Structures are given as structure tokens and as C-alpha cells.
Amino acid sequence: MKADPAGLGQLAEQLSAAAVSLSSTIPAALVHPPLATDVVSTAAAGRLSAGAAVLVGNVTAHGADLAQLAARLAAVASGFAAQEAANAMAAATLTKAPGLPAHAAPPGPLVRPPVDPEVRPPVPPAALVEGEVLAAMFAAGSASLGSEFGAGCQSAAAVLRDAARDLRAAATALPQVWRTSTDGPALVQVFSSRADTFEHLADQAEHLNRQRGDFATSFADAQQEAPKPQDYENNRQRYN
């Protein structure tokens with residue numbers, strides 16, 4: 001077994017930075033506001049917000065897992081560095097180097113957190129609303145109110161894909177800095193499986209943004225086609 005403590009430490013720093021980026025870039029809550037006050041718009045916003053809440057929860061759990069993984073890799077690097085320092089001291093003093101647990105990681109298994117399934121509330125049945133009231137609701141609404149939500153989803157997808165790339169890069173680089181037939185290959189598999197998870201979460205974030213865009217387009221079309229409050233006022237003046 002041969003290791004490069006500096007190389008291992010650099011990989012740990014890269015993964016730690018990815019974990020920090022996840023926690024600092026993705027907001028604690030992604031909430032989609034209703035585009036209007038009608039029942040359908042309110043329910044659609046609630047469903048998008050519910051999907052985003054599950055996404056944020058999954059990102060938080062897996063970001064913490066990535067930080068723990070980086071800490072363990074840093075501990076491995078420190079162990080090897082300590083062993084190298086002890087060997088160098090022993091060589092300089094012509095004494096026997098103490099046996100250090102050079103590649104020992106912190107105790108306890110590294111348990112991969114689950115990915116919670118997305119569950120959204122159903123759209124309730126819409127009660128009949130007078131045409132003029134609904135027209136006023138549509139007129140007061142805006143298809144652009146969900147743009148901040150969409151930007152949050154896109155930012156989340158980007159940083160999740162960055163984390164996945166960092167993990168895949170670490171999986172590729174690890175055999176060059178830690179040549180071992182046991183711990184190294186197992187850790188490569190851990191990196192790869194975590195990368196797959198972050199890619200999956202990025203797909204979910206982009207799917208949420210597409211749904212947000214579809215909802216905004218549908219609302220804009222309905223807003224354009226619906227009678228305007230002034231139309232009702234004009235009819236009253238015409239027939240009174």
C-alpha cells in the first residue's frame with residue numbers, strides 16, 4: 001500500500017468545498033408563490049413548493065453526508081502524514097518508527113442517507129366562481145411571480161451537478177494517491193454512488209423548474225384569453 005498524503009488532503013479539501021457550496025448556494029426553503037388567488041393557481045404553487053421542500057431536505061441530508069465523507073478522507077490523509085513524519089524521524093535518529101494507524105478513518109460506518117420520495121398535495125376541486133370575480137383574480141396575477149423559484153431550482157441543479165463532477169473526479173484521482181487493494185476501491189465506489197445521487201437530485205431540480213415554466217405559460221395563456229374586468233364594466237354601461 002502506498003499513499004500520497006498531500007494528494008489525499010487535496011481531494012478532501014475539494015469535497016469539503018463542494019459540501020460548503022451546497023449548503024451556501026441552495027436556500028433553506030424554495031417556495032413558489034401563487035400566480036393569482038384562484039384555487040388552481042394556489043394549489044399549483046403549493047404542489048411546486050411541496051416538491052421543492054422534499055428536494056431541499058434531500059440536498060441537506062446528502063450535503064451533510066458529503067461533508068462527513070470529506071472529513072473522513074482528511075483523517076485518512078492526516079494518518080498517512082503522521083506515519084510519514086514518524087518514519088522520517090525514525091530514519092533521522094536511527095530508531096524504530098512507531099506503528100501508527102495511518103489509514104484509519106473515524107470510527108463508525110458511513111451510512112448513506114436515503115432519498116426521500118416526492119409527495120405533493122392533490123389539487124382540490126375548484127368551486128364555481130363568478131366570471132367577473134375570476135377575471136379580477138387573473139388580472140391581478142402575474143406569470144412572472146415564480147421566476148425567483150425557477151432561479152433557485154436552476155442554481156440548485158448547477159451546484160448539485162458540480163458536486164457530482166467533484167465526486168467523479170475524486171473517484172478517478174483516488175487510485176493515483178492511494179494505491180491499495182481494499183480501502184481505496186471501496187472508497188471509489190462510495191464516491192461514484194454519491195455522484196449518482198447528486199445527479200438524480202439535479203434532475204429533480206430541473207424538472208421542478210420545467211414544471212414551473214409550464215405553469216407560468218398556462219397561466220399567461222389563460223390570463224390572455226380570459227375576459228378583462230373592464231369588459232364586464234363596459235357591458236354594464238352598454239346595457240344599463
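Thr 217 is found in helix α5, and in this predicted model the residue counts as partly exposed, because its relative accessibility is 45%, a value that lies between the 20% under which a residue is called buried and the 50% over which a residue is called exposed. In sequence Thr 217 stands 73 residues from Ser 144, yet in space the two are 9.5 Å apart, C-alpha to C-alpha.

Gln 14, which lies in helix α1, also counts as partly exposed, with a relative accessibility of 37%. Leaving aside residues up to four places away in sequence, Ser 41 touches Pro 34, Leu 35 and Ala 36, together with Phe 215 and Phe 219.

| Pair | Separation in sequence | C-alpha to C-alpha distance |
|---|---|---|
| Val 159 and Phe 198 | 39 residues | 9.2 Å |
| Thr 217 and Ser 144 | 73 residues | 9.5 Å |
| Gln 14 and Ala 170 | 156 residues | 8.5 Å |

**The chain as a whole**

How many helices and strands does the secondary structure of the chain come to? There are six helices and two strands, and when they are read along the sequence they follow the pattern β-α-α-α-α-β-α-α. The chain has 240 residues, of which 38% count as buried, and its accessible surface comes to about 12,800 Å², with 59% of that area belonging to carbon and sulfur atoms. Among the contacts in the chain with a separation of 6 or more, 86% are accounted for by residues 24 or more positions apart.

**How the helices pack**

Two packed helices are described by the angle between their axes and the distance between the axes. Helices α1 and α4 pack at an angle of about 170°, and their axes are 10 Å apart; because angles over 145 degrees count as roughly antiparallel, α1 is roughly antiparallel to α4. The residues of this contact divide into 13 nonpolar, five polar and one charged. On the α1 side they include Gly 7, Leu 8, Gln 14 and Leu 22, and on the α4 side they include Val 159, Asp 166, Ala 170 and Leu 174.

A second pair is formed by helix α3 (residues 131-140) and helix α6 (residues 229-239), whose axes come within 8 Å and cross at roughly 140°. From α3 the contact takes in Gly 131, Glu 132, Ala 135, Ala 136 and Ala 139, while from α6 it takes in Pro 229, Tyr 232 and Arg 236. These residues divide into five nonpolar, one polar and two charged.

**The largest nonpolar core**

In soluble globular proteins, nonpolar side chains tend to be buried together. In this chain the largest nonpolar core has 51 residues, and those that touch the most other members are Leu 8, Leu 22, Leu 66, Leu 73, Leu 174, Phe 191 and Phe 198. Which elements give two or more residues to this core? They are the helices α1 (5-25), α2 (39-93), α4 (147-177) and α5 (183-225).

Notes
Residues numbered from 1 in each chain as written. Predicted model: local features only at pLDDT ≥ 70, side-chain atom pairs only at ≥ 80, totals over all residues. Heavy atoms only, no water. Core = buried A, V, L, I, M, F, W, Y, C linked by side-chain atoms within 4.5 Å. Buried < 20%, exposed > 50% of the residue type's maximum accessible area, 1.4 Å probe, protein only. Helix = DSSP H or I, 4+ residues; strand = E, 2+ residues; numbered from the N terminus. Axes fitted to C-alpha atoms, helices over the stretch in contact; angles between N-to-C directions. Parallel < 35°, antiparallel > 145°, perpendicular 65-115°, else oblique. Contact = heavy atoms within 4.5 Å. Nonpolar A, V, L, I, M, F, W, Y, C, P; charged D, E, K, R; others polar. Areas by Shrake-Rupley, 256 points an atom, 1.4 Å probe, with all protein chains shown as cover.
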